[in-house]
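Dear colleague,

Please read them with the coordinates open beside you.

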Amino acid sequence: MKRITLLTLFVALTLMASASTTLPVKGKVINPTDKNIQYIGRICFDNPMRPRFTLPGTQINARFTGTSLKIMAKPKSGYFMAQIDEAEPFKVAFMGERDSVVTLATALPKGIHTIRLMYVIEGYDMKPDFRGFILDNDGMLLEAPALPERQVEFIGNSITCGYGVESYNANDHFEYETENHYMTYAQQTCRNLNAIAHVVARSGIGVYRSYGGPKAGTPENVMTTEYEYTNLYDRSERWDFSRYQPQVVCINLGTNDLSTNNYDVKLLKDAYKKFLKQVRQHNPKAKIVYLCGSMLNGKELEIAKKTLNEVVEEAKKDGDQEVYRFDFTPHNGDIYYGADWHPSFWQHQKMAGELTAFLRALMRWF
C-alpha cells in the first residue's frame, strides 16, 4: 500500500504523539466539563464527563500553561490531528484495545500554549469519546482562543470524509489509517478562508439512495434522515440546530445515488429538492451551495449537473434566492487517485483552491 508521509510529525523534540498508555499518569487532570475547553461540531453531552461524537471534523481546542500535555479518550476512538501552537500538525492514534492516554507534547518552553485537536475519521462504529487533558501539576487552562467569525457547514459523503486521502494507489481499499478529514477540500478551504466548519458526512451515503442500494432508494439510510441527528447512525439525540447557524452550507451529495448504474433520476431530483427545503428550514439565513464532483464522470456527471441546475433554478423561482451551484473539476488521475479511486491529497488541494475562490467571491470573504 502506498501512503503519503505526513509532513514533519515532530518539531525539535517537543511534540510526541506515539506514547500511549493504560498506566496511571502524573499531572493535573482537566475534565471535559472545564469551561475553558472549546468544542466545535456535533457533540453529544448526555454524559458531560464523556462527550461523544462520530463525525469527522469535530474539534476540541484549549489554551494551557506548562511544559507538557496529554489527552485522554476512549480506547479505540480512532485518529485525531493535533497542533501545538503554530507547529506542524501531527496524527494521534487511539487504536489499541487499552490505549486511553496519549502524550501530545513534552519539554515545551514554559509559558502559554494552544492545542487544536480534530477528529479526522468516521467514528460511527468506534463510538469515540473525549475524557479530558492532563497538564503539569502547576499547569492550568486559560480562556480558549476566539473562534473565527466565518462559519461553514459541509454535508457530504466519502469525499468530504477524506476516504483514502493518505493513499496514492487506487487499488487500495478503505482503511482508517488512510482516511484523514484534515486533508480534505473542506478543511483546506476553511483554513484558506479562516473559517470554522461543522461537518455532517459519512462514506457511502446518498440523498435518496446510498451506495449499492436498490433503485427505489434507501430511505432509512440517507442524509435526509441522518441530518436530523447529532451523530450519524446513532439516533439517540436529535441535533439542536440553534447551537450552530452557519453563514454558508455546502452540500456534496449524489455520487452514491448515481452509483452502480441502478438509479432513478426522478427520485434523485425529488430528494435533492426535499433536502434543500430541509436544510433551509434549519438554516434560514444561510447561503446554500449544491456542489458537484469530483468523482463523477460521463453520463452520471451530466445527470448530476443537469439535475442540480434544475433544482436550484426551481428553488429560485419559488422564492429562495440564496441557493447556488458549484462544480469541481472531475479528477482523471493526473495527480494520483486515493484509495478506491477517491480524490488524492493533491486532488483535494486542487478542489480546495477552486472552492476557496468561489466562496471568497460569494461570501465576500476577502
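R235 is partly exposed at a relative accessible area of 37%, where buried means under 20% relative accessible area, exposed over 50% and partly exposed in between, computed with a 1.4 Å probe on protein chains only. Its salt-bridge partner is E226, with the closest N and O atoms 2.6 Å apart, and E226 is buried, its relative accessible area being 0%. A salt bridge here is a side-chain nitrogen of Lys or Arg within 4 Å of a carboxyl oxygen of Asp or Glu.

Please keep in mind that this is a predicted model, in which local features need pLDDT of at least 70 and side-chain atom pairs count only at pLDDT 80 or more, while totals for chains, interfaces and linings use all residues. Residues are numbered from 1 along each chain as its sequence is written, and side-chain values use heavy atoms, with hydrogens and water left out.

The structure holds 17 salt bridges. In one of them R52 pairs with D234, the closest N and O atoms lying 2.6 Å apart; because R52 sits in the loop between β3 and β4 and D234 in strand β15 (residues 234-238), the pair ties together parts that are 182 residues apart in sequence. R52 counts as partly exposed, at 21% relative accessibility. Helices (H or I, at least four residues) and strands (E, at least two) are DSSP runs, numbered from the N terminus.

D320 forms a salt bridge with R280, with 2.8 Å between the closest N and O atoms, and since D320 lies in the loop between α5 (298-317) and β18 (323-327) and R280 in helix α4 (residues 265-282), the pair ties together parts 40 residues apart in sequence. Both D320 and R280 are buried. Elsewhere, K269, K273, K306, E310 and E314 are linked in a network of salt bridges.
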